[in-house]
Amino acid sequence: MALHVPKAPGFSQMLKEGARHFSGLEEAVFRNIAACKEFVNTIKTAYGPYGMNKIIINHIDKLFVTNDAATIVKELEIEHPAAKVLVLASNMQEEEVGDGTNFVLILAGTLLEEALPLLKMGMTPADIIEGYELALKKALEVLKTLTCEEIKDPRDEAAVLKAVRSSVMSKQFGYEDFLGNLITKACISILPEETTFNVDNVRIQKISGSSILSSETVLGMVFKRGVEGEITKMSGAKVVVYTCPFDIATTETKGTVLIKTAAELHSFSSGEESQLESQITAIKNAGVNVVVAGGKISDIALHFLNKAGLMAVRLQSKFDIRRLCKVTGAVPLPILTPPSKEELGYADSVYIDEIGDNSIVVFKLDGKESRISTIIVRGATENYMDDIERAIDDGVNTFKLITRDGHMVPGGGAVEAELAKQVRDYSETIPGLERYAAAKFAHSLTIFPKILAESSGLQARTALQQLYEGHRTPEGVNLGINIQGEDDKLIIDCHEAGILDCLSLKEWGLKFATMAACTVLRIDQIIMAKRAGGPSAKPPAQPDDD
């Protein structure tokens, strides 16, 4: 007998019970755009130097107070599939450039919002996507002509500071000159001659207390801990690094020893001790005067290290050990053996210092040999120092961009306003329905100067009117929003004011944002399978009467 297969009345009937299916403009496209719009509206207010902070409490109840879009997005754990596309685009921007994540999210969300009236008028998503892609191509062509400055030498402190301070300004407005100087000094001091700059070579050590103005840059590495032994300073340090605990070696197999007299007990323990002492003496004879251990340093080992005049430092993190080896040139050793000359590392000085109530160990290298620098960040609270760390991270990534491509464009919404003007003019030359989408692309770019004006407490309408009037003249290409302006000076020449952005930051931002918006517009169905999971939790039991 043949198996009877009933006809499925809809697509949902083919899926497991509990699966969901949405299709068409109303159910899929409009819903996606609405979700992205709500998400971006949350992020918008965090854009710019006067961007508002958000309090984020993640799934393990950790508190974040920040206006950094990358951190907000990472900790929110967004589940909506369309909003996730925007998040992935911002993640790509973070990996490629290290800054400008908010730029990508806001532009992508605004492009989708602007597409909504076009879809309701009857335009197909394909026409809108084509219009956006034409406008993007034109915008990228125009962007290259808006370069106002080029940093040819990444070792030129004055030129680099201009670019770095603009990046820091968007996170820590008011401290951009101080932090910019710290970042510039830290990056230039370790810039290699031939290989590319690595952002991981600038470390940040947060020590609570005092104010941000007490922060400083140290060539070398700083660890927030004390030394193990009595010796607290060593100049011309020859460093050996062990990844194992510094103690008497234990045997692989267990054994039982029968001890009958006190003399036997004394000779048994003294044998192990004399072996450890001879090992430490051999290490000292190899030229070592600083020992770094990746595990516990026993009391007996510490006694012999002090006796031999060796400085002992214990590090618990394998990443710290790896970085220290990179700085000093030491080879990490897995067992307690005397090192050869090639396995030894070198530091000009290793010393213990005190900042506030905290002891720190500094491995300092003077001159060109240093491969890692550390910025010591001071602040009142952990959240505040975390936010400063993010600002420094943006500044270091900006320096990395300068080493690749030194072309700079004016910031403060000047680039976006000029691109909007030129793309709008270009859209009028496009035949067909794509011209409407290209015009909407141009209008989307004006959101950035608008947000800057609104978040700064300016009269947004008046500021934008002055900005557009200024950009109608050839001399007004570099005009942007003056966030500290009065009624008659709401715009400023950003090039002269030293407000600059990296060309590649804007270039990648435009590409990723348009790509994300087009991807969401291409979606016409959402099919969600039933979520995996065990049985539902039992209700709490009633209290026992007995």
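Modeller: Patch members have over 30% relative accessible area and no salt bridge, with nonpolar side chains (Val, Leu, Ile, Met, Phe, Trp, Tyr) joined within 5 Å and like charges within 9 Å. A salt bridge here is a side-chain nitrogen of Lys or Arg within 4 Å of a carboxyl oxygen of Asp or Glu. Areas are Shrake-Rupley with a 1.4 Å probe, and for residues only the protein chains shown count as cover.

Colleague: What should I keep in mind about the model itself?

Modeller: It's a predicted model, so local features need pLDDT of at least 70 and side-chain atom pairs count only at pLDDT 80 or more, while totals for chains, interfaces and linings use all residues. Numbering runs from 1 along each chain as its sequence is written, and side-chain values use heavy atoms, with hydrogens and water left out.

Colleague: Where does Leu-63 sit?

Modeller: Leu-63 is in strand E3, residues 63-66. Strands (E, at least two residues) and helices (H or I, at least four) are DSSP runs numbered from the N terminus. Leu-63 is partly exposed at 37% relative accessibility; buried means under 20%, exposed over 50%, and partly exposed in between (1.4 Å probe, protein chains only).

Colleague: Which non-glycine residues have a positive phi?

Modeller: Asp-61 has a phi of about 65 degrees, and Ser-210 has one of about 60 degrees. Most residues other than glycine have a negative phi. Asp-61 is in the loop between strand E2 (54-57) and E3 and is exposed at 65%. Ser-210 lies in the loop between E5 and E6 and is partly exposed at 49%.

Colleague: Ser-215 next. Is its side chain buried or exposed, and what does it contact?

Modeller: Ser-215 is buried, at 7% relative accessibility, in the loop between strand E5 (202-208) and E6. A polar atom of its side chain lies 2.8 Å from the backbone oxygen of Ile-212, and the side chain also reaches the backbone nitrogen of Arg-378 at 3.1 Å.

Colleague: OK, charges. Which residues form the negative patch?

Modeller: Glu-216, Asp-353, Glu-354 and Asp-357. Asp and Glu count as negative and Lys and Arg as positive, leaving out His and the chain ends; each charge is placed at NZ of Lys, CZ of Arg, CG of Asp or CD of Glu. Glu-216 belongs to strand E6 (residues 216-223) and is partly exposed at 37%.

Colleague: And how many salt bridges are there?

Modeller: The whole structure has 14. One of them joins Glu-133 and Arg-522, at 3.5 Å from N to O. That pair links distant parts of the chain, 389 residues apart: Glu-133 is in helix H5 and Arg-522 in the loop between helix H17 (503-521) and strand E17 (525-528). Glu-133 is partly exposed at 39%, whereas Arg-522 is exposed at 52%.

Colleague: What about Arg-203 and its partner?

Modeller: Arg-203 pairs with Asp-320, the closest N and O atoms being 3.4 Å apart. Arg-203 is in strand E5 and Asp-320 in helix H10 (residues 318-328), 117 residues apart. Both Arg-203 and Asp-320 are buried.

Colleague: Which residues share salt-bridge partners in a network?

Modeller: Asp-68, Lys-171 and Asp-394 are joined into one network that way.

How values were computed
A polar contact is a pair of N or O atoms within 3.5 Å; within protein, one must be able to donate a hydrogen and the other to accept it, and residues adjacent in sequence count only if both atoms are side-chain atoms.
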